[in-house]
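Hello,

Here is the structure I promised to pass on to you. Have a look at it first, and then read on for my notes.

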Amino acid sequence: GAFTLSSPDLTAGGTIANKFVLGAFGCKGENVSPALSWANPPAGTKSYALMMFDPEGRPPGGVSHWVAYGIPVSVTGFAEGEASKEVKGWVGGKNNIGHDHYFGPCGPSGHSLHHYIITMIATDLEPDALKPGLTQPELINALRGHALAPASIVGRYTRP
C-alpha cells in the first residue's frame, strides 16, 4: 500500500481542537502535540523527517511549527503529547520560535482559517546523518536526493 500518515486527533481538513493549540501569545490552548502514526514506508527507508507548516502564517513566508528528523524506521508513531516538550529518540530541528519540538497553532485573531500541514517524509538517510537544529528550509535542502516518499495530513485553525 501507499505510505500514509494519520492521526486520531486530527480529521483531514478538520478543525484542530484547542488542546493542540498554543497556550501563549493570546491563544488559550494546551500546546499538546497530536498523536500521529504512519505506515507502509517504501523499500529502502532508513529514517523519517517530519515538518508542520502553516503557509498562511506571517505572509509571505509561512510559519514552521515543528521540525523533526532522524526518526528511526522502527518508529511508527508518536503518542499524544510525546513531542510537546522533550526530544526523545529523534533529532529536533528548529521551528520559527527556535524550539526543537512541537508548537501548536496560534494565528492572529480575526484571520481566516489557516492550514497546518503535517508532512512525514520517508528517507534513505541513517537516523544520525543530519546535525541537530536544522530549520525547515535547511532540512528540505538536506533531504534533496534522499526523500523516498511523503505523506501528509492537514488540519485547520483560526483564533476567534
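**The second largest cavity, and what else I found**

The second largest cavity is lined by L10, I16, P34, M52, Y102, P105, Y116 and I118. Before I go further, please note that this is a predicted model, in which local features need pLDDT of at least 70 and side-chain atom pairs count only at pLDDT 80 or more, while totals for chains, interfaces and linings use all residues. Residues are numbered from 1 along each chain as its sequence is written, and side-chain values use heavy atoms, with hydrogens and water left out.

**Cavities**

The lining of that second largest cavity divides into eight nonpolar residues, no polar and no charged. (Ala, Val, Leu, Ile, Met, Phe, Trp, Tyr, Cys and Pro count as nonpolar, Asp, Glu, Lys and Arg as charged, and the others, Gly among them, as polar.) About 30 Å³ of space lies in this second largest cavity. A cavity here is a set of points, on a 1 Å grid over the protein atoms alone, where a 1.4 Å probe fits but cannot get out; a pocket is an open set with protein on both sides within 12 Å along at least five of seven lines; and lining residues have an atom within 4 Å of a point. Grid points are joined across faces, edges and corners, and a volume is the space filled by probe spheres set on the points.

In total, the structure holds two cavities of 30 Å³ or more. The largest cavity has about 60 Å³ of space, and its lining includes S47, Y48, Y69, E126 and L143. Strands β3 and β4 are the elements that give two or more residues to this lining, and β3 gives the most, with three. By type, the lining of the largest cavity has eight nonpolar residues, three polar and one charged. Helices (H or I, at least four residues) and strands (E, at least two) are DSSP runs, numbered from the N terminus.

**The largest pocket**

The largest pocket has a volume of about 230 Å³. It is lined by 15 residues, and R58, V63, F103, C106 and G107 lie nearest its centre. The elements that give two or more residues to the lining of the largest pocket are β4 (63-72) and β7 (114-123). Nine of the lining residues of the largest pocket are nonpolar, four polar and two charged.

**Strands**

β7 is also mostly covered, with eight of its 10 residues buried; buried means under 20% relative accessible area, exposed over 50%, and partly exposed in between (1.4 Å probe, protein chains only). Two strands pair if DSSP finds at least two bridges between them. β7 pairs in the antiparallel sense with β3 (residues 47-54) over seven bridges, and M52 has I118 in β7 as its bridge partner. β7 also pairs with β8 (residues 147-157), again antiparallel, over 10 bridges; here T119 has S152 in β8 as its bridge partner.

Elsewhere, three strands form an open antiparallel sheet in the order β1-β2-β5. Its edge strands are β1 (4-6) and β5 (77-78), each of which pairs on one side only. Between β1 and β2 (residues 36-39) there are three bridges, and T4 stands opposite A39 in β2.

**Aromatic residues**

There are six aromatic pairs in the structure. Rings of Phe, Tyr and Trp (its six-membered ring) pair if their centres lie within 6.5 Å; planes under 30 degrees apart count as stacked, over 60 as edge-to-face and the rest as tilted. The ring centres of W66 and F78 are 5.9 Å apart and their planes stand at 35°, so this pair is tilted. W66 lies in strand β4 and F78 in strand β5, so the pair ties together parts that are 12 residues apart in sequence. W66 is buried at 0% relative accessibility, and F78 is buried at 3%. F78 and W90 form another tilted pair, with 5.5 Å centre to centre and 50° between the planes. W90 is buried too, at 8% relative accessibility. F3, W38, Y48, W66, F78, W90 and Y102 form one aromatic cluster.

**The helix**

Which residues of helix α1 (residues 136-143) are buried? They are Q136, L139 and L143. The face turned away from the buried side of α1 carries the exposed residues P137 and N141.

Best wishes
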